[in-house]
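User: Please examine the model below and discuss its pockets and a helix contact.

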Amino acid sequence: MSQVGLILCALVVVSAVLGLVQLLAWKMLGKRRHALIWACCYGVATVQWCGNIAGSLLAPRNPIIWLVLTALALSTAILSTLGYRARAGMRLGAVPLFCAGAAATVATGITGFFHLTGLMIAIVPLFASVVLPLGALALLKGKSPPNLAEYCNAAALCLFASFEFVVGLAGLSDGIGGTERSIALYNRLLFAGIPALFVATGLLATFLQAADLANEMEKRAAIDPLTGALNRRGFAEAAVVRIEAARRLDLPLSVLVLDVDRFKAVNDRFGHAAGDAVLARVARFIADELGELDVLGRLGGEEFGIILANTSARRALKMADRLREGIGDLAPDLNSPAVTASFGVATMQPGEDAIETLINRADRALYAAKAAGRDRVRMAEEDRLLIATAA
């Protein structure tokens with residue numbers, strides 16, 4: 001078997017494995033759309049490479065076969081990009097891309113009919129050099145800042161696109177009609193770089209899935225499954241970031257600690273399922289009221305903590321009272337009764353840098369609110385001076 005044949009056989013195996021991995025990722029990791037799109041991408045690539053082998057052996061000059069292989073190659077590039085766009089939560093734009101791919105396929109057929117060989121062989125790589133960067137752009141313009149895996153994938157896609165562009169120019173190097181010299185250069189470049197770059201981007205997409213899974217597992221480890229709020233560990237980790245930012249930028253930061261009043265009585269009278277429904281309902285209400293930089297955590301049982309970024313003592317007191325009133329106004333439903341909540345408020349003092357210190361001060365204020373009759377807000381003793389001097 002020739003060297004080209006060995007390369008094509010290797011590409012068939014690698015494509016099939018990558019497609020199977022992505023299909024398993026789709027099935028086992030929440031049926032994410034981008035994993036299914038990539039599974040289709042590598043499935044199409046597997047058929048394409050098999051077709052290249054069969055076409056070379058059985059019908060090397062059959063224009064219909066090569067036109068079908070062109071459509072498959074274009075579809076692989078399109079599906080790869082659509083997968084990245086789906087992962088980023090972007091609008092896919094599948095119809096325009098596939099219409100462009102169909103137009104490129106027709107153009108390949110027309111140029112082949114008129115023996116414009118240079119232009120014919122340049123269409124697929126030039127098309128890929130335009131489409132693949134759209135996937136890189138999706139990686140860099142997602143909903144959150146790119147991580148290392150995303151940067152690596154974007155770099156590989158851009159390198160792949162650049163090489164495809166060079167291959168396309170090689171096909172056109174002696175004009176749109178092509179010559180033996182330009183076609184030979186095209187083929188040398190094609191088999192020197194495209195297989196390696198194809199495998200590299202496929203492996204990096206697989207690593208990206210693994211990185212996504214690791215990130216999701218880390219997030220799940222920090223989330224309270226009942227309420228969707230951060231658990232105590234996640235809350236503490238988020239607090240470190242918020243406190244450091246507040247100190248660096250010299251901004252105020254406040255912490256609220258709230259406790260659902262008479263929660264044991266809710267469980268005793270209505271059952272634990274009703275108690276769980278109360279906690280979930282309260283958490284949803286608070287989460288909807290908080291700003292983008294604020295943090296909600298479940299500290300344990302019926303107690304929640306809230307970090308209010310860039311919030312002074314006076315504003316924190318007003319926010320706590322607003323949340324207290326809102327919780328008291330939540331309409332009961334069949335699954336959970338009406339409840340009230342008590343709040344303790346503490347604002348970060350100069351030199352204070354530990355979330356546990358803030359929580360302890362807010363806790364003491366919370367106990368004072370409970371002792372005063374519940375369904376009320378109390379400020380930590382140390383912070384009352386801040387409000388008095390600001391008045």
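User: Which element gives the largest share of the lining of the largest pocket?

Analyst: This is a predicted model, in which local features need pLDDT of at least 70, side-chain atom pairs count only at pLDDT 80 or more, and totals for chains, interfaces and linings use all residues. Residues are numbered from 1 along each chain as its sequence is written, and side-chain values use heavy atoms, without hydrogens and water. A pocket is an open set of points on a 1 Å grid where a 1.4 Å probe fits, with protein on both sides within 12 Å along at least five of seven lines, and lining residues have an atom within 4 Å of a point. Of the 48 lining residues, the largest share, twelve, comes from helix H3.

User: How is H3 oriented relative to H4?

Analyst: The axes, lines fitted to C-alpha atoms over the stretch in contact, with angles from 0 to 180 degrees between N-to-C directions, come within 9 Å and cross at roughly 155 degrees. Angles over 145 degrees count as roughly antiparallel. Therefore H3 is, relative to H4, roughly antiparallel.

User: How many charged residues line the second largest pocket?

Analyst: Among the residues of this lining, Ser144, Asn147, Asn215, Glu216 and Lys219 lie nearest the centre. Asp, Glu, Lys and Arg count as charged. Besides nine nonpolar and six polar residues, the number of charged residues is eleven.

Notes
Helices (H or I, at least four residues) and strands (E, at least two) are DSSP runs, numbered from the N terminus. Angles under 35 degrees count as roughly parallel, over 145 as roughly antiparallel, 65 to 115 as roughly perpendicular and the rest as oblique.
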